[in-house]
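Trainee: Could we go through this model together? I would like to start with the charges and then move to the fold.

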Amino acid sequence: MSKQPELPPLNALKAFEMSGRHLNFRAAAEEMGVTQGAVAQQVRGLEERLGLRLFQRQPKGLAFTAAGRAYHQQVTRAFDILLQATDDLRPRTAVVTISVTPTLASKWLIPALPEFTRQHPEIELRILATEALSSFRADGIDLAIRQGTPPFGASLDARLLFPQDVIAVASPALVAGHELPLDAGQFASFTLLHDAHDLWSEYARQVLGHVGALAAPAMRLNQTSLTIDAALAGQGIALAARFLVADDIAAGRLVQVHDGALNGQRDFYLLSRLSPARGKAVEVVMSWILSRG
């Protein structure tokens, strides 16, 4: 039996591959984290072992010999195969895409993401924050959180996440000196922060027992998250779903200025496709979101 040729040392091949990629011993040494002399010695030892020159040493770097160029192509291909084989062994990160409104994203979901990442590092969450209704199929959405009124489409799995429980909140500094809860007349002393839902008239009627619009200054913003931020800044009283401001209330950054709440039919639901192939990662994310509801 003929004796198989022995492979050169792996370190020497790696030094040669990197030196050929940079055509410079110094740059190869920086990438490998060793000295320039060590790389040059490894390449020199490889050349002696093979009995041929792989590089021409030049004042400003290296140049391949004809044999060196052909050998470098094959060695690079071999390292690429090893890297791919190693990568194939690693567990793949599952990706789950969630469509939420910008307010839900900024005030409720994103603050909780570090907790989810600690619990499930194998799952990558992608957040699509938009007011537009996303298509599960066309937009590649796995889950959506939206306000709505049942019944939903037959192809959707809808789970109640939060009831529509809207409360009035303000900065403690804004209402300092006023006894809480405020009555309907006292609301007129403050700027009312309106969002795109514009629930103040309904809140006044159902919660405060006040007929017609409240005679109060108004500031209008297009998203609930902005009215909450304005309330935090002491610019007025905002209406927001209780769960969106629960952390701010617990931390003392906001106070509920009236005990009543506006309860409606447009509750918050977690939506997904009714599909047996929904995937384990999607099920994990669903369970985590529902546990926070």
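Trainee: How many positive and negative side chains does the protein chain have, and how far apart do the centres of the two sets lie?

Mentor: There are 28 positive and 28 negative side chains, with the two centres 12 Å apart. Lys and Arg count as positive and Asp and Glu as negative, while His and the chain ends are not counted. Each charge is placed at NZ of Lys, CZ of Arg, CG of Asp or CD of Glu. Please note that this is a predicted model, in which local features need pLDDT of at least 70 and side-chain atom pairs count only at pLDDT 80 or more, whereas totals for chains, interfaces and linings use all residues. Residues are numbered from 1 along each chain as its sequence is written, and side-chain values use heavy atoms, with hydrogens and water left out.

Trainee: What radius of gyration does the chain have, against that of a compact globule?

Mentor: The protein chain has 32 Å, whereas a compact globule of 293 residues would have a value near 19 Å. The radius is taken over C-alpha atoms, and the globule rule is 2.2 Å times the number of residues to the power 0.38. Along its principal axes, the C-alpha trace spans about 100 × 45 × 30 Å.

Trainee: And how many helices and strands are there?

Mentor: The chain contains eleven helices and 13 strands. These are DSSP runs numbered from the N terminus, with helices (H or I) of at least four residues and strands (E) of at least two.

Trainee: What share of the residues is buried?

Mentor: Buried residues account for 41% of the 293. Buried means under 20% relative accessible area, exposed over 50%, and partly exposed in between, with a 1.4 Å probe and protein chains only.

Trainee: Which residues have the most contacts inside the largest nonpolar core?

Mentor: They are Val96, Ile98, Trp108, Leu143, Val285 and Ile289, in a core of 37 residues. Helix H11 (residues 280-291) contributes the largest share of this core, six residues. Apart from it lies another core, of 20 residues, including Val166 and Leu214. A nonpolar core is a set of buried Ala, Val, Leu, Ile, Met, Phe, Trp, Tyr and Cys residues joined through side-chain atoms within 4.5 Å.

Trainee: Staying with Val96, what is it in contact with beyond its neighbours within four places in sequence?

Mentor: Its partners include Ile123, Leu125, Leu143, Ala281 and Val285. Contact means heavy atoms within 4.5 Å.

Trainee: Changing topic, which peptide bonds are cis?

Mentor: The bond from Pro150 to Pro151 is cis, with omega near 0°, and so is the one from Leu180 to Pro181. Pro151 sits in the loop between strand S5 (143-148) and strand S6 (156-162). Pro181 belongs to the loop between strand S7 (165-170) and helix H7 (184-187). Most peptide bonds are trans.

Trainee: What about phi of Leu23 and Asp198?

Mentor: Phi of Leu23 is near 50°, a positive value in a residue other than glycine, and phi of Asp198 is also near 50°. Leu23 is in the loop between helix H1 (10-22) and helix H2 (25-32), and Asp198 is in the loop between strand S8 (192-194) and helix H8 (200-206).

Trainee: Is Ala230 buried or exposed?

Mentor: Ala230 is buried, with a relative accessible area of 6%. Ala230 lies in helix H9 (residues 224-232) and, not counting residues up to four places away in sequence, touches Leu193, Gln235 and Gly236. The C-alpha atoms of Ala230 and Leu193 are separated by 7.7 Å.
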